Amino acid sequence: MAAVTGRVPFIAGNWKMNLDHLQAIAFVQKLAWTLKDARHDFDTVEVAVFPPFTDLRSVQTLIAGDKLPLAFGAQDLSQHDSGAYTGDISGAFLKALDCRYVIVGHSERRTLHGETDEVVAAKSAAAVKHGLVPVICVGETAEDLEQHGAAAVPVAQLRAALTGLPKGADVVVAYEPVWAIGSGQAATPDQAQQVAAALRPVVSELLGDEAGQATRILYGGSVKAGNIAGFMRSPDVDGALVGGASLDIAEFSAIAQFPKHVGT
Ligand code: PGA
């Protein structure tokens with residue numbers, strides 16, 4: 001895949017609100033050893049973890065101290081730089097912790113915290129401004145799927161999120177159908193490919209053709225070691241945002257090792 005598209009596949013683990021900082025240290029250490037034992041080539045498949053905010057300093061110290069080839073990021077950021085926003089976290093603080101990535105607009109933030117397309121756009125812009133790569137999540141509910149088909153809502157959400165970003169901005173897009181998240185019912189590779197293929201032109205239109213070709217589009221929603229190969233065979237799917245299965249070291253490592261199952 002990478003050889004054809006030039007896009008390095010990206011396997012990202014969204015821990016959600018799981019693992020405290022002590023558990024995170026043990027987990028990241030074990031994950032790195034497991035991938036090393038499996039001779040994982042991190043240049044061929046990038047692997048990142050997205051722990052809760054309170055774990056980030058510990059994860060940063062471990063990864064830097066032991067020179068582990070894992071990337072890491074946060075699960076959210078504020079659209080503001082600093083000020084009277086109790087409980088919020090600035091992108092500047094995440095950058096100071098060496099985060100490379102930050103998830104923006106996850107469906108749980110949209111649903112549970114009322115994040116609108118405007119908020120997601122402001123957060124995406126804040127991430128880019130602070131030198132972070134936003135992992136912009138889009139996806140339709142089961143109701144949207146029935147009413148509008150699979151691609152309409154994700155395309156509109158992505159358009160809103162990218163409007164206002166500078167041309168050539170470095171972003172990752174995650175297509176996560178809401179009905180597939182945590183449900184055990186993943187989309188089919190064909191469904192993921194169809195939506196990813198509809199999202200890529202939106203990136204080209206708003207960030208430029210080069211960005212359209214270079215931007216990695218992930219699939220997320222009940223990804224497991226047993227179904228990753230099908231997604232990775234899809235030409236416009238460049239990786240996965242993994243929730244539940246990212247908390248199981250053997251399972252997550254097997255997902256990152258997908259070239260072994262794809263047989264390419
Ligand atoms: P899941 O979650 O893999 O548990 O379905 C994916 C996500 O929410 O990013």
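Modeller: The largest pocket has a volume of about 380 Å³. The model is a predicted one, in which local features need pLDDT of at least 70 and side-chain atom pairs count only at pLDDT 80 or more, while totals for chains, interfaces and linings use all residues. Residues are numbered from 1 along each chain as its sequence is written, and side-chain values use heavy atoms, with hydrogens and water left out.

Biologist: What makes a set of points a pocket, and what a cavity?

Modeller: On a 1 Å grid over the protein atoms alone, a pocket is an open set with protein on both sides within 12 Å along at least five of seven lines, whereas a cavity is a set of points where a 1.4 Å probe fits but cannot get out; lining residues have an atom within 4 Å of a point. Grid points are joined across faces, edges and corners, and the volume is the space filled by probe spheres set on the points.

Biologist: Which residues line the largest pocket, and how do they divide by class?

Modeller: The lining consists of Asn14, Lys16, Met17, Pro52, Phe53, Gln75, Asp76, Ile103, His106, Glu108, Arg109 and His113. By class it has 4 nonpolar, 4 polar and 4 charged residues. Here Ala, Val, Leu, Ile, Met, Phe, Trp, Tyr, Cys and Pro count as nonpolar, Asp, Glu, Lys and Arg as charged, and the others, Gly among them, as polar.

Biologist: How much space lies in the second largest pocket, and which residues lie nearest its centre?

Modeller: The second largest pocket holds about 170 Å³. Of its 15 lining residues, Gly182, Gly221, Ser222, Gly243 and Gly244 lie nearest the centre. The lining divides into 5 nonpolar, 7 polar and 3 charged residues.

Biologist: How many cavities are counted, and what lines the largest cavity?

Modeller: The count is 2 cavities of 30 Å³ or more, and the largest cavity contains about 40 Å³ of space. Its lining is formed by Gly105, His106, Ser107, Arg110, Cys137, Val138, Gly139, Gln157, Glu176 and Val178. Helix 5 (107-112) and strand 5 (133-138) each supply at least two of the lining residues. The classes are 3 nonpolar, 5 polar and 2 charged.

Biologist: Why is helix 2 called roughly parallel to helix 3?

Modeller: Helix 2 (residues 21-37) and helix 3 (residues 56-65) pack at an angle of about 30°, with their axes 9 Å apart. Axes are lines fitted to C-alpha atoms, for helices over the stretch in contact, and angles run from 0 to 180 degrees between N-to-C directions. Angles under 35 degrees count as roughly parallel, over 145 as roughly antiparallel, 65 to 115 as roughly perpendicular and the rest as oblique; helix 2 is therefore roughly parallel to helix 3. The contact (heavy atoms within 4.5 Å) involves His21, Ala24, Ile25, Val28 and Gln29 of helix 2 and Ser58, Val59, Leu62 and Ile63 of helix 3. It comprises 6 nonpolar, 3 polar and no charged residues.

Biologist: What makes helix 6 oblique to helix 8?

Modeller: Helix 6 (residues 117-129) and helix 8 (residues 152-162) pack at about 45°, with axes 7 Å apart. That angle falls in the remaining class, so helix 6 is oblique to helix 8. The contact is made by Asp117, Val120, Ala121 and Ser124 of helix 6 and Ala156, Gln157, Ala160 and Ala161 of helix 8.

Biologist: Why is helix 2 called oblique to helix 12?

Modeller: The axes of helix 2 and helix 12 (residues 249-256) come within 10 Å and cross at roughly 45°, which makes helix 2 oblique to helix 12.

Note on methods. Helix = DSSP H or I, 4+ residues; strand = E, 2+ residues; numbered from the N terminus.
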